[in-house]
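Dear colleague,

I am passing on the structure below, together with notes on what turned up in it. Please read them with the model open.

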Amino acid sequence: MVRYLARRVLIFVPSLMLVSILTFVMVRTAGGDPASLKLGLHASPESLARLRREMGLTDPWPVQYGHWFADAVRGDLGRSYLTGSRVTYEILNRFPATLELALASMLIAVPLGIAVGTVSAVRPRTLVDHLSMLGGLFGISIPTFWLGVMLIIVFAVWLGVVPVAGSNDVHMGVYPITGWDALRHLILPAATLAGWPMAILARHMRSSLLEVLHQDYARTARAKGLRFLRLVWRHAFPNALIPVVTVIALETGYLLGGAVITETVFAWPGIGNLTIQALAARDYMLVQGTVLLFAVVFAVLNIIADVTNALLDPRIRY
Amino acid sequence: MDERVGALVMDFKAGRYTRRQFIRKALGFGVGAAALPALFEMAGERPGASTWPAAEAAAAQRTLVAGIPEGISNPDPVILGAAGYGDIKVVHNNINEGIVRFKTGTVSLEPSLATSWDISPDGLSYTFHLRPAAFHDGTPVTAQAVKLNYERQIDDKNPYHFQGITYTEIVFSNVSKIDALDATTLRITQTRPAVTLLPNLALFAEGIVSPTALEKYGKDYAMHPTGSGPYKFERWTKGVEFVVTANDKYWGGRPSVDRVIWKTVADNTVRLEQLRTGELDLTTLLDFKDVPAVRGDKRFKVVSGTFLATQYLLLNQHKPPLDKKEVRQAIQFAVNKANIQKVTFYGSYTVGAGPVPPGLLGYDKSLEDVYPHTPAKAKALLQQAGAGDVAITLLHKTEGVWPEEAQLIQADLQAIGLKVSLQGLEEAAFYSKINASEHQIALNDWVMDTGDPDNIMYSVFSTKRARQRMGYENPEVDKLNTDAQVERNPDKRRDLYLKASRMILADAPFVTLGYPQRAMGAKAGVDGLLVGPLGDVVIRGVKIGS
């Protein structure tokens, strides 16, 4: 197990480098340059050239990457073009809010998704099953920005039970992010963000449980007279859960992507909001930093998924 | 004590209200925030058991909660505008002031940190007399401080010349020397007697910051903005809120609003709903479609004012068939500006005349008649040029009203027989394409940086810049514009701009579509607020009624 973990961590390092190179190239080939954006049409070609030089954009790419990489290994991700402050500061400042939102969404999505998937699998091809899967289809296909605005209109404007946007009472400051007021602000964005992973989890849970229920040992258990629900609960459910754990870990990673839109709609002070701003401004340094963070989170979640799998499933040996 | 408050305390003690509801109700009954801790004690709580009363005390101040669509990126004035309007709204004339400023909501200049100025007879040197004032950190505002603020923009080697300084060229291209004659006298010497110096010094980039703060924080100055304006920086959570509080020592007297909380909320609809639910007191940008509904609701009001911007089409003469003057003129006749005014802007739009927007010297309504909407004439011109079959791409930005406006123009141009396709790009790609002269037609606007017509006439049409963006070079226009920069007689100056405008219209590289207005939505009790001419939001004269 320890050797396996060590191997995973070793693969981790080159993957991150690859991610950083890809990001570096992609953000520069996306069209538009940060200097043009900063000056708009309000400056002459000379000013534009001067700013490009100041920003270090005139160097060849390998040189630019070399500078960035040399600083990055020392923990310095450069300064944001947009704000002039350190990228590490910007990221550490925003990441907790995104983490809070993602965890809250998973707290909603995991129990509900598993419950719905289980019920569907236990009663396949019934009305309950069809309705659940239809709901799942909605969850997957409804765009977050639309769902977010609809939830705002119904719960914040019509019913007035939760605030429209923001992360805390306006007079309280942003931190601490605890307390009733912070929770009220968290409900809508978390619910919006939970839609997609909930639907995915429900589908995975359903198919996984159905598969297990069709296995030989399940039939044997039934044949020896075990009650169906007991079979489901004691034998099928734990086994069906194993692949779902991997899905949970991966979906938590994907949530970071979903958070980009949800955070913008709800003015949530997280890293998604920051990434959007950085991308729009072609803030190369900031984009490279945030994508690197996403990559680290993904990789860590993957390792966690593998380890949990090994712990849950005695058939897996390393 | 008020009976209702007594009853409220009993109810709270009996557990009928949460702490939060209790505080809200108590404040609603007119209890001062300072009295809250005592009420808690009466209700049987340990003194100091909670931080709520302190927070609520802050809430009870005259606080203005303002929602802005943009992020706040960098409140260093020399960088302002480079990252959008969020920074300008927060900083300009609120945290920082220049030595001159605009009277709120207009483009006429008034003294700010300088009480008066003398102009030498040859128009070359300007001597400013500064008033006694102090920065928020206590450092006095001196001529040396002002000099440093200007020189850090001009001199690349200045230790405070940070990356991204944008307006050096516009403001200081004629400036040869800046001298601090003594602590309160500053002299600026020019190479030519440009009259644009004063309005340029009212630009948001020319706000004066504390030299002590620059020295102390260096590149991290942006995290500790320190000006001399009516509001001082309190705290900033990036992407969320930016809080300023009234400056007790402001030279113009303490402002009425105690605290302003600027909140970034990108979505226009969400911001409007927050205004409706009371989460915001002010939204600095309303969608035009929402203006009538807000105006019709007694709880709110629509705030507008002079806003200096020109929407236009750039017709790039480097790209056929736009090299043909007839084609460009045909496009001028084809565009239905009144339709844009009605459909996209719900009337909050002035139909285009010349490049200079209304409210400024050189705007002339009669220029509307140079290209009236006459599709028949446009068709005839097009036939004359024999260029109907060439495909043209119209480039536009993807956010806001641009896509809709582009579609209207596309329909107008197709109606006269041009084959027009649209290409929507986000801002970064859009500008770099125009700066590289890769566009045929581009739809954009020019939001004025200063309250002077030079800012559009020279910055857009001087050969150096017009060559790339429109393939336009007209030495006569260049001469008129540079002459106007040094013309001290306003009437003669207006004539120069009118002549240049007529010439540009005749050459037709630029379609003036119109001048958009800007609308903010506020609670009915918010008084004294105006839309600033440069998109700024000045809080110092604002009062919050009940």
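To start in chain B: Ser116(B) has His129(B), in strand 5, as its bridge partner. The model is a predicted one, which should be kept in mind throughout. The pairing behind that contact joins strand 4 (residues 114-119) and strand 5 (residues 125-130) of chain B, which run antiparallel and share five bridges. These strands of chain B form a hairpin with five residues between them, and there Gly123(B) adopts a positive phi near 75°.

Further along chain B there is an open sheet of seven strands with mixed pairing, in the order 8-9-10-1-11-19-12. Its edges are strand 8 (231-237) and strand 12 (300-303) of chain B; each has a single partner strand, so one side of each has no neighbour in the sheet. Within chain B, strand 11 (residues 282-283) pairs with strand 19 (residues 520-523) in the antiparallel sense, over two bridges. Across that pairing, Leu282(B) sits opposite Ala522(B) of strand 19.

Another pairing in chain B is parallel: strand 15 is joined to strand 16 (residues 419-425) over seven bridges. Here Lys397(B) is opposite Leu425(B), a residue of strand 16. Strand 15 (residues 391-397) of chain B is mostly covered, with five of its seven residues buried.

- The nonpolar patch consists of Leu127(A), Leu131(A), Leu134(A), Leu137(A) and Phe138(A), which together have about 530 Å² of accessible area. Of these, Leu127(A) belongs to helix 6 (residues 127-141) of chain A. Leu127(A) counts as exposed because its relative accessible area is 63%, and the cut-off for that class is over 50%.

- The positive patch is made up of Lys224(A), Arg227(A), Arg230(A) and Arg234(A). One of them, Arg227(A), is in the loop that lies between helix 9 (216-223) and helix 10 (228-265) of chain A. With a relative accessibility of 61%, Arg227(A) is also classed as exposed.

Regards

How values were computed. Residues are numbered from 1 along each chain as its sequence is written. Chains are lettered from A and ligands numbered from 1 in the order in which they are written. This is a predicted model: local features need pLDDT of at least 70, side-chain atom pairs count only at pLDDT 80 or more; totals for chains, interfaces and linings use all residues. Side-chain values use heavy atoms; hydrogens and water are left out. Patches are made of residues with over 30% relative accessible area and no salt bridge: like charges are joined within 9 Å, nonpolar side chains (Val, Leu, Ile, Met, Phe, Trp, Tyr) within 5 Å. Accessible areas come from the Shrake-Rupley method with a 1.4 Å probe; for residues, only the protein chains shown count as cover. A salt bridge is a side-chain nitrogen of Lys or Arg within 4 Å of a carboxyl oxygen of Asp or Glu. Lys and Arg count as positive and Asp and Glu as negative; His and the chain ends are not counted. The place of a charge is taken as NZ of Lys, CZ of Arg, CG of Asp or CD of Glu. Helices (H or I, at least four residues) and strands (E, at least two) are DSSP runs, numbered from the N terminus. Buried means under 20% relative accessible area, exposed over 50%, partly exposed in between (1.4 Å probe, protein chains only). Two strands pair if DSSP finds at least two bridges between them.
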